[in-house]
Amino acid sequence: MPNAYISGTGSFVPPNVVTNDELREKYGIDTTNEWIVKRTGIEARRFSERGIATSDLGLEAAKKAIANAKIEPHDLDLIIFATLSPDHAFPGSGVYLQQKLGLCDGPNAKFVPALDVRNQCSGFLYSLATATSFVKSGAAKHVLVVGAETHSAALDLTTRGRGIAALFGDGAGAVVVSATEEDRGIRSFKLGADGRHADALAQRVWDIKKRPFIDVDENGNGLVPASDLWANMDGKLVFKNAVERMTTVLMETLLAQGWTGNDIDLFLFHQANLRINQYIADMLAIPPEKTIHNIQRYGNTTAATIPLLLDEANQTGRLTPGTKVALVAFGSGFTWGSCLLEW
Ligand SMILES: CC(C)(COP(=O)(O)OP(=O)(O)OC[C@H]1O[C@@H](n2cnc3c(N)ncnc32)[C@H](O)[C@@H]1OP(=O)(O)O)[C@@H](O)C(=O)NCCC(=O)NCCS
């Protein structure tokens with residue numbers, strides 16, 4: 001059975017920086033830089049322009065990851081796209097990305113399978129676990145895993161929506177997971193979910209229980225109340241569960257692997273809130289130099305946070321052969337996961 005390892009990383013964030021002060025000055029949101037920084041650590045986020053789709057952000061990250069892996073798009077055997085902000089309700093963004101990568105063009109078209117994973121902030125780790133299984137089973141040699149989000153298009157950028165609008169930003173990260181006979185790579189995973197809290201962080205604009213699924217006027221145009229249009233969140237419940245679940249799943253994964261926290265060179269936490277991550281680091285006595293964060297610059301980019309961090313670590317020389325890395329995430333669902341790997 002081959003091992004699965006990350007052979008390439010890439011990332012992309014849109015150039016438009018929106019600071020906390022700009023949320024107030026440009027969008028008229030009743031907030032302050034102090035409020036946001038104190039509770040979340042976020043100083044700015046990126047918003048992409050109208051006309052840009054999530055698959056476009058994913059494409060930029062994917063091209064870099066493919067180049068970094070020293071392969072061509074046609075070497076891919078599978079595309080996995082993690083997002084909660086897909087281009088459309090359906091089909092998934094994976095097929096748009098496949099087309100944009102040029103895999104459907106000309107006589108050499110390669111119609112590789114493409115699937116979307118809808119697991120919000122844990123979506124990248126669920127996708128990485130899926131890619132690893134494909135590679136280890138021999139079903140694929142190279143799998144592209146993308147985490148990308150366009151939150152800016154679906155945030156209530158008014159004072160009414162400030163509890164959520166201040167937290168999220170746009171961005172994309174990608175990795176290529178490849179087969180190797182070398183003794184290295186992705187060692188273990190643990191994934192979990194607790195559907196009792198499915199409504200604690202949700203966007204229910206599409207409500208299939210209704211007939212039709214969105215209320216319509218006499219002309220057949222959709223009418224969506226603000227309470228359904230925008231995401232809802234019980235912030236305190238999310239905070240508490242994030243700390244508990246991320247700490248527990250990380251400990252369980254380390255125990256199962258026979259490693260301790262001291263063995264890990266780099267901890268890459270999902271970037272939902274700097275305070276959540278500082279709690280976890282304090283509880284597990286993880287020194288600051290063993291973590292990196294980008295939430296200050298990008299906000300919560302959901303499925304993109306961990307591949308963005310992986311690419312940053314790779315580009316800055318933090319990942320060398322043998323480096324032991326722990327990845328941990330928690331998000332809507334609730335869902336969570338942890339992965340241990342040896343670079
Ligand atoms: C969102 C979060 C920062 C809110 O912090 P909090 O201390 O729980 O704050 P509350 O929601 O209780 O709001 C307190 C007050 O601040 C206000 N407020 C909310 N957002 C605000 C903002 N951006 N600026 C200023 N005030 C704001 C609220 O309206 C509320 O005012 P009120 O007391 O007059 O009603 C915090 O709960 C959190 O980080 N939770 C986890 C969120 C998360 O990680 N989500 C993604 C998971 S993957």
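Let's start with the shell around the ligand, where helix 8 gives the most, with 5 residues. Helices here are DSSP runs of H or I with at least four residues, strands are runs of E with at least two, and both are numbered from the N terminus. This is a predicted model, in which local features need pLDDT of at least 70 and side-chain atom pairs count only at pLDDT 80 or more, while totals for chains, interfaces and linings use all residues. Residues are numbered from 1 along each chain as its sequence is written.

So, how many residues surround the ligand? There are 19, and the closest are Thr 31, Arg 162, Ala 166, Gly 235 and Ala 272. A residue is near a molecule if its C-beta atom, placed from the backbone, lies within 6 Å of it. Helix 2 (33-40), helix 6 (162-165) and helix 8 (235-257) are the elements that give two or more residues to this shell. By type, the shell has 9 nonpolar, 7 polar and 3 charged residues. Nonpolar means Ala, Val, Leu, Ile, Met, Phe, Trp, Tyr, Cys and Pro; charged means Asp, Glu, Lys and Arg; the others, Gly among them, are polar.

Now let's zoom out to the domains. The protein is divided into domain 1 (3-183) and domain 2 (186-199 + 231-342), with bounds that come from an automatic or database domain assignment. Their C-alpha centres lie 17 Å apart. The contact between them takes 42 residues from domain 1 and 37 residues from domain 2, where contact means C-beta atoms, placed from the backbone, within 7 Å. On the side of domain 1 that touches domain 2, helix 5 supplies the largest share, 7 residues. That side divides into 20 nonpolar, 16 polar and 6 charged residues. And back at the ligand, each domain gives at least three residues to the shell.

Look for an open sheet of 4 strands in the order 8-13-12-11, with mixed pairing. Two strands pair if DSSP finds at least two bridges between them. Which strands are at the edges? They are strand 8 (185-193) and strand 11 (266-269), each pairing on one side only. From one strand to the next, the twist averages 10 degrees. Strand 11 runs parallel to strand 12 (residues 324-331), and 4 bridges join them; Phe 267, for example, has Ala 326 as its bridge partner in strand 12.

Helices lie across these strands too. Helix 11 (residues 305-315) lies across strand 11 and strand 12, at about 150 degrees to strand 11.

Most residues other than glycine have a negative phi, and most peptide bonds are trans. The bond from Phe 90 to Pro 91 is cis, with omega near 0 degrees, and Gly 333 and Phe 334 are also joined by a cis bond, with omega about -15 degrees. Lys 70 has a positive phi of about 60 degrees, and Thr 302 has one near 50 degrees. Are these two buried or exposed? Lys 70 is exposed, with 11 other C-beta atoms within 10 Å, whereas Thr 302 is buried, with 31. Buried means 20 or more other C-beta atoms within 10 Å of the residue's own, exposed 12 or fewer, and partly exposed in between, with C-beta atoms placed from the backbone.

Note on methods: Axes are lines fitted to C-alpha atoms, for helices over the stretch in contact, and angles run from 0 to 180 degrees between N-to-C directions. Two residues are in contact if their C-beta atoms, placed from the backbone, lie within 7 Å.
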